Amino acid sequence: MSTSPEKAARAFTRPKLAPSLKSVMATGASGAEVKVTGWIRSVRHQRRIAFAEVSDGSMMKGVQVIMDDPQMAHGLATGCSVEVTGTLADSPGREQSKEIHAKEISVIGEANPETYPLQKKRHTLEFLREIGYLRPRSQTISAVMRLRDCAEMGFHKYFHDNDFIRVHTPALTANDCEGGGETFHVATAGDEKPDSAFFGKRVNLTVSGQLHLEVMAGAFKRVYNFNQAFRAEPSQTGRHLAEFWMLEAECAFVDDLATLIDVEEDMIRSTTKHILDHASSELEFFSQRNEALTKLARRLTAPEQYARISYTEAIDILQRAQADAGFAFKPQWGQALQSEHERYLATKYFEGPVFVTDYPTETKPFYMLANPDGRTVACMDLLVPGPCELLGGSLREHSYSRLKSRVESLGFEEGSLDWYLNLRKYGTTPHGGFGLGFERYLQMLTGLESVRDIIPFPRHAGRCQY
């Protein structure tokens, strides 16, 4: 009995995608026939030969294509997409180990050289933000994007190697985790009363997945997320975005702040080492303009423990430095540390990462575990050169009665946090967690002044392109 064509078994074959330039340069042997695709970064014409640099975003530098017949370069222009067939050869130049001697070049998509805004020169980051749909092709932004990819993989590897479960926490929430009120309210088009429309209550875009992670930590012991967060921060500084990425983790059965700090430090070390191993060219690109970045990367992965001081010790250091540093905000116990204070501690005093612990209760959110002194909470911030505050976390209050009293004293809407309080009634455990700003981590490694150049499509007050 013959099998109908529709039912005939057919072996699966892997897709035959064109190889990336990174793959060709890493594995191709000299003399091999290759076919690659990408975009032209530059073209040089000489009387008997022509050169083109082709990039496909897979590595820091483009590949030089040699055309023995200058006529082959006809129609090539910066920005156009091409397919190149040729022979891989050892390069006599120092910039790259291999080059391609072209046999055929086909233009896939043209780019008018008179209007194409990215030319072979150094553009300012401010200019690149104005052409956000093309800026990924620039050397700086493409390097940032590869670092983002590498860093994310490094974080995921660390957590999975240490038995954390990834959780997808919701973007829509009825809570304001931090209690700061800088939230975006959600409404459908045409709603006149958004508080009582689609969801029957006021709903926000999340500023943090922490409270939801605590739910999951009551079942899986160690959990983390890597999600977008949203904050209606009207600031126009290069430190703030309305939409950004947060890496957050929660650990059950942890009753010691030092243990939680050890996890955080181990995570930073492991991920930074992963980037050094897999994206060294990108790091070198940024360190050429800022030698301090090389020193910082070494410090982040060095065997010596990161500095650890209490908030009280930090205030003492800052007060003794006031005369020389000339802080605009005089450091005082009981007041939050300002950016200038954090910058001094990380950049001037410790010249590297420093954990500051045990802040005054009034300066921190409601869910943090109170210390026995009755004045401070068991928390930490990690300060680093560049973005200053990189990470924040704490032990969480796990007593139902103490947390209930705290919530009531702060005037939260009655019943709004019953579900969160009830976690303390059914199998509660000592636990703690932290959140890391992903863009700030990359800002630290690249030395870029604005987080708007760290994220593919920056959203901030007054600007939401595309």
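Are Phe155 and Tyr441 buried or exposed? Both Phe155 and Tyr441 are buried, where buried means under 20% relative accessible area, exposed means over 50%, and partly exposed lies in between (1.4 Å probe, protein chains only). The model is predicted: local features need pLDDT of at least 70, side-chain atom pairs count only at pLDDT 80 or more, and totals for chains, interfaces and linings use all residues. Residues are numbered from 1 along each chain as its sequence is written, and side-chain values use heavy atoms, with hydrogens and water left out.

**Overall layout**

- The chain has 12 helices and 15 strands; helices (H or I, at least four residues) and strands (E, at least two) are DSSP runs, numbered from the N terminus.
- The C-alpha trace spans about 80 × 80 × 50 Å along its principal axes.
- Of the 466 residues in the chain, 47% are buried.
- Among contacts with a separation of 6 or more, 67% are between residues 24 or more positions apart; contact means heavy atoms within 4.5 Å.

**Aromatic pairs**

- Rings of Phe, Tyr and Trp (its six-membered ring) pair if their centres lie within 6.5 Å; planes under 30 degrees apart count as stacked, over 60 as edge-to-face and the rest as tilted.
- By this rule the count comes to 20 aromatic pairs.
- One of the pairs is Phe155 with Tyr441, which is edge-to-face, at 5.2 Å centre to centre and with 65° between the planes.
- Phe155 belongs to helix α3 (residues 139–161) and Tyr441 to helix α12 (residues 438–446), so this pair links distant parts of the chain, 286 residues apart.
- Phe226 and Phe438 also form an edge-to-face pair, with 4.9 Å centre to centre and 85° between the planes.
- This pair too links distant parts of the chain: Phe226 is in strand β9 (residues 222–230) and Phe438 in helix α12, 212 residues apart.
- Phe226 and Phe438 are both buried.
- One aromatic cluster is formed by Phe155, Phe226, Trp245, Phe438 and Tyr441.

**Helix α6 and its cover**

- Helix α6 covers residues 280–287, and its residues Glu282, Leu283, Phe285, Phe286 and Ser287 are buried.
- The elements that cover these buried residues include α3, α5 (257–278), α7 (292–301) and α12.

**Helices α8 and α9**

- Helix α8 (residues 311–325) packs with helix α9 (residues 339–349) at an angle of about 85°, with their axes 11 Å apart.
- Axes are lines fitted to C-alpha atoms, for helices over the stretch in contact, and angles run from 0 to 180 degrees between N-to-C directions.
- The two helices, α8 and α9, are therefore roughly perpendicular to each other; angles under 35 degrees count as roughly parallel, over 145 as roughly antiparallel, 65 to 115 as roughly perpendicular and the rest as oblique.
- On the α8 side the contact is made by Ala314, Ile317, Leu318, Ala321 and Ala325, and on the α9 side by His341, Tyr344, Leu345 and Tyr349.
- By class, this contact of α8 with α9 has 8 nonpolar, 1 polar and no charged residues; Ala, Val, Leu, Ile, Met, Phe, Trp, Tyr, Cys and Pro count as nonpolar, Asp, Glu, Lys and Arg as charged, and the others, Gly among them, as polar.
- His341 of helix α9 is buried, with a relative accessible area of 2%.
- Leaving out residues up to four places away in sequence, His341 touches Leu318, Phe327, Phe329, Lys330 and Pro331.

**Cysteines**

- The structure holds 0 disulfides, a disulfide being a pair of cysteine sulfur atoms within 2.5 Å.
- Cys80 counts as buried at 1% relative accessibility, whereas Cys464 is exposed, with a relative accessible area of 59%.

**Asp90 in strand β4**

- Asp90 lies in strand β4 (residues 81–90) and counts as exposed at 52% relative accessibility.
- Leaving out residues up to four places away in sequence, Asp90 touches Ser30, Ser97, Lys98 and Glu99.
- From C-alpha to C-alpha, Asp90 and Ile100 are 8.6 Å apart in space, and they are 10 residues apart in sequence.

**Positive phi values**

- Most residues other than glycine have a negative phi.
- Phe253 is not a glycine, yet its phi is positive, near 60°.
- Phe253 is in the loop between β10 (243–252) and α5, and counts as exposed at 59% relative accessibility.
- Asp358, also not a glycine, has a positive phi of about 60°.
- Asp358 is in the loop between β12 (354–357) and β13 (379–384), and counts as partly exposed at 23% relative accessibility.
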